[in-house]
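Please look through the structure shown here.

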Amino acid sequence: EEASPYTLVNICLNFLITNLEKLCSERPDGTLCLPEHWSFPQEVADRFLSMMTWQGKLTDRTASIFRGNQMKLKLANIQKAKISTPAFIKAFCHHKLIELNATAVHADLPVPDILSGLCSSSWMQQNLRCLLLDSTSIPQNSRVLSFGQLTGLCILSVFNVCFHTEDLANVSQLPRLESLDISNTLVTDISALLTCKDQLKSLTMHYLKCLTMTKPQILAVIRELKCLLHLDISDHKQLKSDLAFHLLQQKDILPNVVSLDISGSNCITDAAVELFIRQRPAMQFVGLLATDAGYSDFFTTKQSLRVCSYLNKFCFIWLFTETFSVKVTMPLVAVGMRNHPLDLPVQFTASACALNLTHQGLANGMPVRLLSEVTCLLFKALKNFPHYQQLQKNCLLSLTNSRILADVPFDRFDAAKFVMRWLCKHENPKMQTMAVSVTSMLALQLSPQQTAQLEELFMAVKELLAIVKQKTTENLDDVTLLFTLKALWNLTDESPAACKHFIENQGLEIFIQVLETFSESAIQSKVLGLLNNIAEVRELSSKLVTEDVLKHINSLLCSREMEVSYFAAGIIAHLTSDRRLWISHDFQRRILLQDLYIPEHWPEFWINIFVLTFFFLRSFKTFFPLLGNFSQPEVQLWAVWAMYHVCSKNPSKYCKMLVEEEGLRLLCDIQEHSEATSQAQQIAASILDDFRMHFMNYQRPSLC
């Protein structure tokens with residue numbers, strides 16, 4: 001499944017969930033309401049709710065969309081949701097539910113309130129078949145839980161709930177009960193199970209730590225449960241329980257059992273297990289994790305018998321530690337993280353496993369869906385354990401994987417916030433370098449609006465500039481400096497907020513010092529790339545019209561390195577196109593324009609730089625003011641020439657962008673305008689003609 005594409009239904013539902021606030025209206029009480037004409041079939045409504053729950057989007061505000069009859073729920077999953085009792089009742093208790101998974105819901109929705117809400121529907125009293133309440137809270141002053149009205153209930157799980165013997169007596173009287181999980185509850189006596197002995201098919205009572213019955217008494221009850229097909233009496237290995245040892249000695253017990261889990265039990269031998277299974281030839285599964293059994297050839301040669309263990313028991317988290325010495329697939333890690341989100345040892349060890357697997361080079365062969373799930377689970381772990389440093393390190397190191405950063409879907413906005421916070425913690429140099437590297441990659445994947453919304457942006461820019469200043473002072477042009485310059489360049493790309501933070505933190509002074517200290521083209525191009533971003537911001541471009549800045553830009557315009565010269569030309573084009581910046585020194589502006597206007601050199605000198613320079617071009621819009629500048633032909637000619645070569649390197653991407661941003665009209669204007677130079681008109685015509693078929697894929701134009 002992980003290797004398959006996402007289904008169209010899931011893609012559509014994910015879009016709805018992401019845009020729920022935009023698509024819904026708001027009620028007077030602040031909750032959301034679906035458009036009146038919307039209606040969801042039952043299967044789609046069930047999946048929609050499950051996906052909202054899984055993504056952590058089910059709250060009092062959003063759960064309200066399930067009020068009324070637009071959604072027809074049947075299988076409701078609100079696992080781990082943070083919703084209140086009133087929201088639960090209004091949203092779900094009028095539906096005709098046959099299954100409800102309320103595992104580990106927030107304490108604002110305790111078990112008694114869930115039962116009360118369900119029992120308010122006479123239909124659900126008779127037809128609710130499955131109820132999962134694992135790890136759900138019960139107030140201390142609660143009386144006996146009222147399951148008795150749910151007469152249609154077949155499956156009930158109260159694992160890790162304050163469920164008492166009196167509650168078991170109440171539940172055992174349910175007329176259709178077939179499957180019961182009372183693991184890790186406060187039950188002291190299981191004798192009440194005799195009430196449902198003729199119908200109970202599955203019993204899970206792992207780690208019943210409060211049992212006061214003797215082993216013969218417990219076995220006497222189990223002996224009467226002749227309809228049982230599945231029995232789980234697994235326990236913590238440290239408790240050295242020998243109940244399973246005594247059960248295996250019984251010949252007249254569990255005649256119809258097909259599945260038996262005795263993991264963690266004491267004194268278990270291969271011979272005893274083999275004899276028990278031979279006496280019950282229909283057995284298909286035996287759980288022997290953390291026992292001394294399971295090594296006999298019998299277990300590998302008997303057909304249709306599986307010998308393994310479950311992964312949804314928190315007591316066996318040590319399994320994850322084995323992943324460092326054996327080859328373990330990433331799905332195993334995902335299962336553990338998904339099932340135990342609040343268990344720190346599981347999350348920490350799983351994060352280490354994920355790191356280990358991705359850094360063995362295995363990530364390149366893993367399905368994108370699987371990597372996406374594990375990455376999202378890592379970020380959930382960060383939110384649940386924000387102060388656990390090693391867990392955070394594991395996540396940061398996992399993010400340095402190039403395939404995850406480039407191809408895998410995950411919330412890059414949240415990731416950027418995390419990495420920037422880490423960047424400002426002044427960790428050791430190795431971790432700092434990795435944080436800077438990830439920041440530079442994530443910055444390119446955020447929209448300008450997202451970048452502006454980052455609360456951590458100011459501190460991140462300040463910290464990055466501090467790194468640049470330190471490296472420059474030390475005259476150290478190492479990889480950290482290059483990553484830091486690239487991160488600042490990418491953060492300021494079409495982000496006026498980041499450019500402003502750069503200026504306010506003495507960024508110009510620091511970058512002038514960088515240019516005066518280092519002559520490497522890799523450094524110069526990143527410095528000029530950032531200054532070009534500032535030149536595109538009208539409110540800040542005046543900061544660049546200083547003697548120091550212009551001196552360096554003009555000198556680098558004639559650089560032998562193509563990328564350096566290109567960015568220097570871009571800065572000059574943007575600055576000289578705004579005459580208000582040059583009121584007192586227009587002569588200098590004309591000199592710069594003369595240096596810029598060397599069209600015969602551009603094609604052969606800059607022809608190859610765009611492969612890398614514009615691989616991540618966000619928009620053509622910064623070119624548009626230059627294209628419309630007929631009074632300064634040098635600026636216009638440079639812009640139209642640059643646009644041609646951007647399109648030529650990736651026509652399918654950039655021709656579509658040019659159409660969507662309505663740039664074709666500007667090219668037509670250049671062709672038709674009497675004040676445009678013949679060179680500019682020729683290049684504009686080349687763009688429209690050479691890429692005509694690409695343009696027509698995105699519109700049915702009469703181009704010009």
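Leaving aside its neighbours within four places in sequence, which residues is Ala354 in contact with? They are Met330, Val333, Val374 and Ser398, where contact means heavy atoms within 4.5 Å. The model is predicted, so local features need pLDDT of at least 70 and side-chain atom pairs count only at pLDDT 80 or more, while totals for chains, interfaces and linings use all residues. Residues are numbered from 1 along each chain as its sequence is written, and side-chain values use heavy atoms, with hydrogens and water left out.

Ala354 belongs to helix H14, residues 344–358; helices (H or I, at least four residues) and strands (E, at least two) are DSSP runs, numbered from the N terminus. Ala354 counts as buried because its relative accessibility is 1%; buried means under 20% relative accessible area, exposed over 50%, and partly exposed in between (1.4 Å probe, protein chains only).

In helix H5 (residues 85–92), the buried residues are Thr85, Ala87, Phe88, Ala91 and Phe92. They lie on the same side of H5 because they cover an arc of only 160 degrees around the axis, the arc being that of the directions from the helix axis to the C-beta atoms. These buried residues pack against several elements, including helix H3 (42–54), strand E4 (99–101) and helix H6 (111–119).

Turning to the cysteines, a search of the whole structure finds zero disulfides, a disulfide being a pair of cysteine sulfur atoms within 2.5 Å. For Cys162, the nearest cysteine sulfur is that of Cys210, 9.7 Å away. Cys162 is partly exposed, as its relative accessible area is 40%. For Cys499, the nearest cysteine sulfur, that of Cys424, is 18 Å away. Cys499 counts as buried, at 0% relative accessibility.
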